[in-house]
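Subject: Structure handover and findings

Hello,

Here is the structure you asked about. Please open it first; my notes follow below.

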Amino acid sequence: MKGLNILKDNYLETVSNGSTTLSLLGRSDGVELMVQTVLKDKMFVLLPGEGENVQEFFYILEGEVEAELDGEKVQIKKGGFISAIGIEETVYFLAKTEVKILSVSNTPTFHYLSEEIKDLRKIGEKVELKDRYTFKHSSRVSKYAVKTATKMGMERARIHNLFIASILHDIGKINIPEEVLKKPDKLTNEEFALVKKHPGDGAEMLRQTAYADLADIVEQHHERVNGRGYPFGLKDEEILTEAKIIGVCDTFDAMTEDRAYRKAFTAEYAMKELKDLAGIQYDPAVVEAFEQVLQEEGKIV
């Protein structure tokens, strides 16, 4: 029948990054209808729109998600409906189970997201094959980074770039020999020199992709405000705020996870270290915002 299409599992396009699958059902006059599947324990975010007319609707087909609203956690189960019209703050969703969501948006995003997911998958797979710890670590850092940036009032476009950059911040480690990455003893000067190359190597990889504009963030994530970081020894305002945020979140996650050469420190201990080094190695405003995030999550008191 003219004007009528009946589709049976024939999506226009489907992409996946290993934790999220996005399928385009249809599009017309700027409106897109999509189905998104998110694996258990994975987080996704809803960012403020660029204008007052941006509208997005989400219907939970299967599973359960948890949203963080005004510091409180709210569960949304199968049959639940989410309406986002002119939101001004980032909203975080955690998949408590595998979740399938039907979404409608009047802002065309699928093509952009599909290309993004494809590129991320290619890069992420390379890193995960080399070191699964690095891959999982970057995922955790991205969650902390987005929440910290939101707490600091960073604008939507920059938060999105930070989200991607934080996921990719350690991709340069693909060039570090596995025996160095997993060495249980102190690194030699030569081995540490190899490790110190990873921000630059990662940035160079990004400069060959659609993410070239994020390369500086990745390259600077080990710079410190006192100029004693690497690779360039940048100071204070010479360092991008996004890189400062990743630096804090990266350090915290590294300290609170088991490593080959030591057991994990507690969240309280790691946070104290960050506060002691605020203004020395880390930006005080970033440390303060990150502490508020951890307090709201109940990781510290």
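Which residue stands opposite Lys100 in strand 10? Thr37 does.

First, the ground rules. This is a predicted model, in which local features need pLDDT of at least 70 and side-chain atom pairs count only at pLDDT 80 or more, while totals for chains, interfaces and linings use all residues. Residues are numbered from 1 along each chain as its sequence is written, and side-chain values use heavy atoms, with hydrogens and water left out.

**Overall**

The protein chain has 10 helices and 10 strands. Both are DSSP runs numbered from the N terminus: helices are H or I with at least four residues, strands are E with at least two. The chain has 301 residues, of which 42% count as buried. Buried means under 20% relative accessible area, exposed over 50%, and partly exposed in between (1.4 Å probe, protein chains only). Take the contacts between residues at least 6 apart in sequence: 65% of them join residues at least 24 apart. A contact means heavy atoms within 4.5 Å.

Strand 10 covers residues 99-105. Its covered face carries Val99, Ile101, Ser103 and Ser105. Lys100, Leu102 and Val104 make up the uncovered one. In a regular strand the side chains alternate between the two faces of the sheet.

Strand 10 pairs with strand 3 (residues 31-38) in the antiparallel sense, over seven bridges. Two strands pair if DSSP finds at least two bridges between them. Strand 5 (residues 55-62) also pairs antiparallel with strand 10, over six bridges. Here Phe58 stands opposite Ser103.

An open sheet is formed by four strands in the order 4-9-6-7, with antiparallel pairing. Strand 4 (43-46) and strand 7 (72-77) stand at the edges with a single partner strand each, so one side of each is left without a neighbour in the sheet. Neighbouring strands of this sheet are turned by 25° against each other on average, direction ignored. The axes behind that angle are lines fitted to C-alpha atoms (for helices over the stretch in contact), and angles run from 0 to 180 degrees between N-to-C directions. Strand 6 (residues 64-69) and strand 9 (residues 91-95) run antiparallel and are joined by four bridges. Ala67 has Phe93 as its bridge partner in strand 9.

**Helix 9**

Helix 9 spans residues 267-276, and its buried residues are Ala267, Ala270, Met271 and Leu274. They cover an arc of only 100° around the axis, which puts them on the same side of helix 9. The arc is that of the directions from the helix axis to the C-beta atoms. Their cover includes helix 8 (241-255) and helix 10 (284-297).

**Aromatic rings**

How many aromatic pairs does the structure hold? Seven. Rings of Phe, Tyr and Trp (its six-membered ring) pair if their centres lie within 6.5 Å; planes under 30 degrees apart count as stacked, over 60 as edge-to-face and the rest as tilted.

Tyr144 and Phe252 are an edge-to-face pair, 5.6 Å centre to centre with 90° between the planes. Tyr144 lies in helix 2 (residues 132-151) and Phe252 in helix 8, so the pair ties together parts 108 residues apart in sequence. Tyr144 counts as buried at 9% relative accessibility, and Phe252 counts as buried at 1%. Phe265 and Tyr269 are stacked, at 4.8 Å centre to centre and 25° between the planes. Phe265 is partly exposed at 34%, and Tyr269 is partly exposed at 40%.

Tyr144, Phe252 and Phe290 form one aromatic cluster.

Best regards
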